[in-house]
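The terms are defined as they come up.

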Amino acid sequence: GSPRRADEATEEIPRAMGSRLRILSANLLNGGADPEALCDLIRSLNVDVAATQELAPEQAEALSEVLPFGILHPDRQHNGMGLALRWPARHDRVPLPRRDALVARLHPETWTGLSSSVEVVNIHVTAPQLPPPWQAFSQRRGQLRGLLEYLDGSPGGRCALVGDFNATPLWPLYRGLSRRLPDAACIDARRRGTRPRPTWGPTPGGPRLLRIDHAFLGNLEVEAFRVVRIPGSDHSAVVVDLET
């Protein structure tokens, strides 16, 4: 077979909970990503939290078999969102234009190994190229404003903002968030002496060209970060290990 790309590595790595919290975030291409391949990846990586964007019903059904807790809102119009969890958590929303962000509040009582609570926030920002452009940019400004208000309302809290931000590091939305919270990919890349890997390409099987899927962290330490292919999606998943 062909040599495996560095951003396609799926080697077995240790179980996350106990010493680490492992979060996977992936845009599933409105049902295009293969449900069984997604679940096989979640099992092989021992994922604790799967944050999904563009979640379709058949993907939600498969996901609930491997991570039975959480909140899944599948949809066939590119608006499906989900937070699938290994253990129970409290759920909330961050009100945003077009589609809200989903929040899972993980507490030490039900998540063995956590030293204190962690909020995982799943985000799907409006793509800038959607017509009409004035509406897309207005929604993006409102989404950034809503996320910053969320951060203002929980100063000092431990949180991970993950998802498809539809923004490279050059875009104002990314810069607005990165001024408040560090980017897990950048932390890991500096540690390794490498550059963060791109996460999106125009075709599911083609090369990844842009880095638009992110994990921004508030008062959490990164143990590892990786980018992993998902068959059938134009986005690769990002997987972040956090000290608990």
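Buried means under 20% relative accessible area, exposed over 50%, and partly exposed in between, with a 1.4 Å probe and protein chains only. Helices (H or I, at least four residues) and strands (E, at least two) are DSSP runs, numbered from the N terminus. This is a predicted model, in which local features need pLDDT of at least 70 and side-chain atom pairs count only at pLDDT 80 or more, while totals for chains, interfaces and linings use all residues. Residues are numbered from 1 along each chain as its sequence is written, and side-chain values use heavy atoms, with hydrogens and water left out.

An open sheet is formed by 6 strands in the order β3-β4-β2-β1-β11-β10, with mixed pairing. Its edge strands, β3 (69-73) and β10 (222-228), each pair on one side only; two strands pair if DSSP finds at least two bridges between them. From one strand to the next, the twist averages 15° (axes are lines fitted to C-alpha atoms, for helices over the stretch in contact, and angles run from 0 to 180 degrees between N-to-C directions).

Strand β4 (residues 81-85) is largely enclosed by the rest of the structure, because 5 of its 5 residues are buried. Both of its faces are covered: M81, L83 and L85 lie on one side, G82 and A84 on the other. Strand β2 (residues 49-53) runs antiparallel to β4 and is joined to it by 5 bridges, with V49 and L85 as bridge partners. Another 5 bridges join β3 to β4, again antiparallel, and here G70 stands opposite A84. Elsewhere in the sheet, 6 bridges link the antiparallel strands β1 (residues 20-27) and β11 (residues 237-243), where I23 faces V240.

How many disulfides does the structure hold? There are 0, a disulfide being a pair of cysteine sulfur atoms within 2.5 Å. The sulfur of C159 has its closest cysteine sulfur in C186, 17 Å away, so the two are too far apart for a bond. C159 counts as buried, because its relative accessibility is 4%.

H107 sits in the loop between β6 (101-106) and β7 (118-124). It also counts as buried, at 17% relative accessibility.

The largest pocket has a volume of about 400 Å³. A pocket is an open set of points on a 1 Å grid over the protein atoms alone, where a 1.4 Å probe fits, with protein on both sides within 12 Å along at least five of seven lines; lining residues have an atom within 4 Å of a point. Of its 21 lining residues, A127, Q129, D164, N166 and H235 lie nearest the centre.

Definitions and conventions:
Points joined across faces, edges and corners; volume = space filled by probe spheres on them.
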